[in-house]
Amino acid sequence: MKKLGYGLMVLVLGIALILSSCGNSGGANKNSGSKQLTAWAWNVNVPVLKKAAKEFAKTHKGFKLKIVEMSNNDAYQKITTGLQAGGKGLPDILLIEDDHVQGYLNNFPSEFVNVSKLGFNKQKSKFANYKINLLTKKGNVYGFPFDSGPAAVFYRIDLFKKAGVDPQKIKTWDDYIAAGKQIKAKTGKNMIGIDYNNDDGQYRIILNTLGSFYFNQKNQPVLDSQKSVEAMTIIQKMKRAGITQNTSNWDAWVSALANGETVSAPTGAWFAGSLIQQAPKLKGKWSVFPIPAVKAGGNRAANIGGSNFMIPTSSQNQKLAYQFLKYFSTSNKIQTLAMKEGGLFPSLNTMYQTSAFTGKDSYFTEQNIWKTFADEMDQIPSANYTENYSLAKDEAVKAQSKALGGGNVKDAMKSAQSNLKNRITK
C-alpha cells in the first residue's frame with residue numbers, strides 16, 4: 001500500500017507539473033531564452049518599432065525584432081481569431097488601439113500578460129490616468145500606453161484673422177458656432193467638416209469632455225442620457241447654423257481642410273502629421289486652441305484615438321517582450337522619434353519637459369501646439385469603451401444622421417439606446 005501511495009503521489013505531482021506548465025497563470029514567467037520577438041503593427045508605428053529595436057539591441061546583444069506589417073483591420077481579425085484559439089498563432093507583441101483594449105480584456109481576460117506582476121506599477125506615474133485606467137482590470141495593468149489622442153481645435157490663422165475672429169475668445173460651443181457664422185459671412189468658408197452619416201467623432205469628443213461615453217462605469221449603455229443628448233444637440237446646432245460641410249469620408253474631410261473649404265477641425269493631436277503631409281504649403285497658417293466647453297467654465301479636455309502595446313500570454317518570450325516594451329514606452333528618445341517622424345503624440349509625460357514641447361515647431365510656427373495638448377492630458381476623463389464599442393458607435397452614427405437630417409435629438413438617442421440594448425442582449 002505504501003508503494004501504491006507513493007506511485008499515486010508521483011503521478012499526481014507529474015500531472016500537476018504538466019498542468020502548471022500548460023495552464024494560463026497570467027503568463028508572467030514564460031521566457032524561452034530566445035533573443036527574438038515578433039510584433040504585429042501597421043502604418044507609422046512600423047519604422048518607430050524598427051529604430052527602437054536597433055537601439056535596444058545596443059544593450060541587449062543579439063536582440064532582434066521581427067515586425068509583421070498589416071492593416072489594423074487585418075490585425076484585429078487575426079488577433080481575435082488567435083485569442084479565440086487560446087493564443088495560437090499570435091506574436092509576442094500586439095499593437096491595440098484604445099477603443100479595442102477593453103473589449104479584448106473583457107472577452108479574453110486570461111490571454112494578456114499582467115504587466116503589473118512584472119513591475120510595471122513603478123512606471124504608472126509616467127502616464128495619464130485615463131490611459132492607465134483603460135489598460136487596468138481588477139487593479140492590474142495589462143499593457144503599455146503608447147500614443148494618445150488629446151483633442152484641440154486646429155484652425156486656419158489667416159482666415160480667422162480675415163473674419164476678425166479671436167480664437168482665444170472661443171470658450172464654449174456656443175462661442176464656436178457664433179464664430180463660425182462670422183467666418184461664413186466674411187469669407188464664405190465653412191467652420192467645420194462633419195461626416196453626417198458615417199462617423200460620430202465630434203459627438204464623441206463633446207461627450208468625453210462631459211465625462212461620459214456610450215457606456216457608464218457599470219457597462220450599461222447610456223446613449224439616451226442627458227449628457228448624450230446635450231452632445232448630439234450641439235452637433236445639430238452646428239448644422240442648423242449653416243457652418244458645416246458634409247465630408248463623407250476621411251479623404252474628403254482632410255481635403256476640405258487642406259483646400260480651405262473648411263477652416264477648423266476639433267480632433268486629436270495625431271492630425272498634425274496629416275496636415276503637414278497633405279498641406280505643406282500652409283506652413284505657418286495653422287494653430288490650435290482648446291476644445292470648447294459645453295457650458296462656461298466646463299471641462300475642455302478630451303481624447304480621440306491612441307494606442308497601446310500588449311503581450312499575449314501565449315508568448316514564449318514574455319520577460320523579453322516586457323523589457324523591450326518598457327524601454328520603448330518610457331524612453332524619451334524613442335517617443336521623440338515617434339512624435340517627429342510619425343506624428344504620434346506621446347503618452348509618456350516625461351516628454352512634456354523636452355524641447356519638443358518647449359521649443360518652436362517648423363510648421364505650426366505661431367505657438368507650440370504640443371504644449372497645448374500636453375497641458376490637458378491629466379484632465380481627460382476616462383472613457384468606458386467595453387466590448388460593445390462598435391455596436392454603440394454604429395447606433396450613435398445612425399442617431400447623428402437622424403439629428404442632422406432634422407429629426408428630434410431626444411427621439412433619435414432614445415431609439416439608439418433601445419436598438420443598442422436589443423443588439424447587446426441577442
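**View 1. Helices H10 and H11 cross in this predicted model.** The axes of helix H10 (residues 250-258) and helix H11 (residues 271-278) come within 10 Å and cross at roughly 65°. Axes are lines fitted to C-alpha atoms, for helices over the stretch in contact, and angles run from 0 to 180 degrees between N-to-C directions. Helices (H or I, at least four residues) and strands (E, at least two) are DSSP runs, numbered from the N terminus. H10 contributes Trp250, Trp253, Val254, Leu257 and Ala258 to the contact, and H11 contributes Phe271, Ser274 and Gln278. Contact means heavy atoms within 4.5 Å. Six of these residues are nonpolar, two are polar and none is charged. Here Ala, Val, Leu, Ile, Met, Phe, Trp, Tyr, Cys and Pro count as nonpolar, Asp, Glu, Lys and Arg as charged, and the others, Gly among them, as polar.

Residues are numbered from 1 along each chain as its sequence is written, and side-chain values use heavy atoms, with hydrogens and water left out. Local features need pLDDT of at least 70, side-chain atom pairs count only at pLDDT 80 or more, and totals for chains, interfaces and linings use all residues.

View 2. The structure holds 39 aromatic pairs (rings of Phe, Tyr and Trp, its six-membered ring, with centres within 6.5 Å; planes under 30 degrees apart are stacked, over 60 edge-to-face, the rest tilted). Phe120 sits in the loop between helix H4 (98-107) and helix H5 (129-134), Phe144 in strand S6 (residues 144-156), 24 residues apart. Phe120 counts as buried because its relative accessibility is 1%. Buried means under 20% relative accessible area, exposed over 50%, partly exposed in between (1.4 Å probe, protein chains only). Phe144 is buried too, at 1%.

**View 3. Phe213 and Tyr389 are stacked.** Their rings are 6.4 Å apart, centre to centre, with 5° between the planes. Phe213 lies in the loop between helix H8 (201-209) and helix H9 (226-240) and Tyr389 in helix H16 (residues 389-404), so the pair ties together parts 176 residues apart in sequence. Phe213 is buried at 5% relative accessibility, and Tyr389 is buried at 7%.

**View 4. Leu65 belongs to the largest nonpolar core.** Such a core is a set of buried Ala, Val, Leu, Ile, Met, Phe, Trp, Tyr and Cys residues joined through side-chain atoms within 4.5 Å. Of its 137 residues, Leu65, Phe154, Tyr203 and Phe324 touch the most other members. S6 supplies the largest share, seven residues. Leu65 touches Leu37, Thr38, Ala39, Leu49, Ala53, Ile93 and Phe324, not counting residues up to four places away in sequence.

**View 5. Lys138 and Asn219 have positive phi.** Most residues other than glycine have a negative phi. Lys138, in the loop between strand S4 (136-137) and S5, has a phi of about 50°. Lys138 is exposed, with a relative accessible area of 80%. Asn219 has a phi of about 70° and lies in the loop between H8 and H9. Asn219 is partly exposed, at 40%.
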